[in-house]
Amino acid sequence: MNENTHSKLMAIKQSFRLFMDGTTSRSMAQKGMGYKINWGVPFHELRKMATPYAPNYELAIELWKENIRECKIMATLIMPPERMSPELADVWTEQPLQQEMAEMLAFNLLQHVDFAPALAYQWMASDRMDRQICAYQLLARLFMKGNEPNQRGLDEYLDQVSVALQSDNLGVRRAASASLQKLAMLGDSYEQRVDQLLVRLQAP
């Protein structure tokens, strides 16, 4: 890490103390959001704090290495999407992510990369819940942007999402449901396929 990046990293970490919210931090901990350090800084504050630093590849890399909630969120905000690669996405998710972080990664960064559809389809078939959550949140964003799947992709998605909707993991179920709602908004033919799937799942 060069000296400039190091000084920025230190300044960012120190600034979290100014916005520390102990109540939010404790609430997150009680809900199982186990970060090594969690200052409880609200997302809107983190977004403002990230603005002067974005885009910055080197700083994003160093921020993500920190097992600190706020550092990781800021990493997703300042990483230039064009510098993000499938290999780096794998590295960043090598260790299982908190549900919040899986969602942040999809919303703040991965929806903007050119390999987003391929990554979403790969991760929705993962046996890891965090990658599934990230995948379905990512697909929801892509569908909202008007990205339509081809026939093979649609069939694959509907097969996977039907399993996800019955998952024991609430985060997976919610993310899958959100993506399905956005798919239905792409047009009548998609809405019909979604309705058929939901009827089939509700059948005894």
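Start with the largest pocket: 16 residues line it, and Trp-64, Lys-72, Trp-92, Gln-95 and Leu-97 are the ones nearest its centre. The elements that give two or more residues to that lining are α4 (57–65) and α6 (86–92). A pocket here is an open set of points on a 1 Å grid over the protein atoms alone, where a 1.4 Å probe fits, with protein on both sides within 12 Å along at least five of seven lines; lining residues have an atom within 4 Å of a point. Helices are DSSP runs of H or I with at least four residues, numbered from the N terminus.

Before you click further, a word on what you're looking at. This is a predicted model, so local features need pLDDT of at least 70 and side-chain atom pairs count only at pLDDT 80 or more, while totals for chains, interfaces and linings use all residues. Residues are numbered from 1 along each chain as its sequence is written, and side-chain values use heavy atoms, with hydrogens and water left out.

Back to the pocket. It holds about 310 Å³ of space, where volume is the space filled by probe spheres set on the points, and points are joined across faces, edges and corners.

Next, select Trp-92. Setting aside neighbours within four places in sequence, Trp-92 is in contact (heavy atoms within 4.5 Å) with Ala-60, Ile-61, Trp-64, Ala-75, Met-79, Met-84, Leu-97, Leu-105 and Leu-109. Trp-92 is also one of the residues with the most contacts inside the largest nonpolar core, along with Met-84, Tyr-157 and Leu-183; that core has 65 residues. α9 (129–144) gives the most to this core, with eight residues. Such a core is a set of buried Ala, Val, Leu, Ile, Met, Phe, Trp, Tyr and Cys residues joined through side-chain atoms within 4.5 Å. Buried means under 20% relative accessible area, computed with a 1.4 Å probe on protein chains only.

Now show α4. Its buried residues are Leu-59, Ala-60, Ile-61, Glu-62, Leu-63 and Trp-64, and they pack against α1 (3–15), α5 (69–78), α6 and α7 (99–109). Zoom in on the start of α4: a side-chain oxygen of Asn-56 comes to within 3.4 Å of the backbone nitrogen of Glu-58. Step back to Pro-55, in the loop between α3 (43–50) and α4, and check the peptide bond to Ala-54: it's cis, with omega about -10 degrees.

Head over to α9 and pick Asp-130. At 8% relative accessibility, Asp-130 counts as buried. Its side chain reaches the backbone nitrogen of Leu-97 at 2.9 Å, and beyond its sequence neighbours within four places Asp-130 is in contact with Gln-95, Pro-96, Leu-97 and Ala-102.

Which side chain makes a polar contact with Arg-131? That's Thr-93, at 2.9 Å; a polar contact is a pair of N or O atoms within 3.5 Å, where one must be able to donate a hydrogen and the other to accept it, and residues adjacent in sequence count only if both atoms are side-chain atoms. Arg-131 also touches Asp-90, Glu-94, Trp-123 and Ser-126. Ser-126 sits in the loop between α8 (116–124) and α9.

Further along α9 is Leu-139, buried at 1% relative accessible area. Leu-139 touches Ala-120, Tyr-121, Met-124, Tyr-157 and Ser-179, leaving out residues up to four places away.

Last stop: Val-172 in α11 (170–184), buried at 0%. Its contacts, beyond four places in sequence, are Met-129, Gln-132, Ile-133, Ala-164 and Ser-167.

Technical notes:
Buried means under 20% relative accessible area, exposed over 50%, partly exposed in between (1.4 Å probe, protein chains only).
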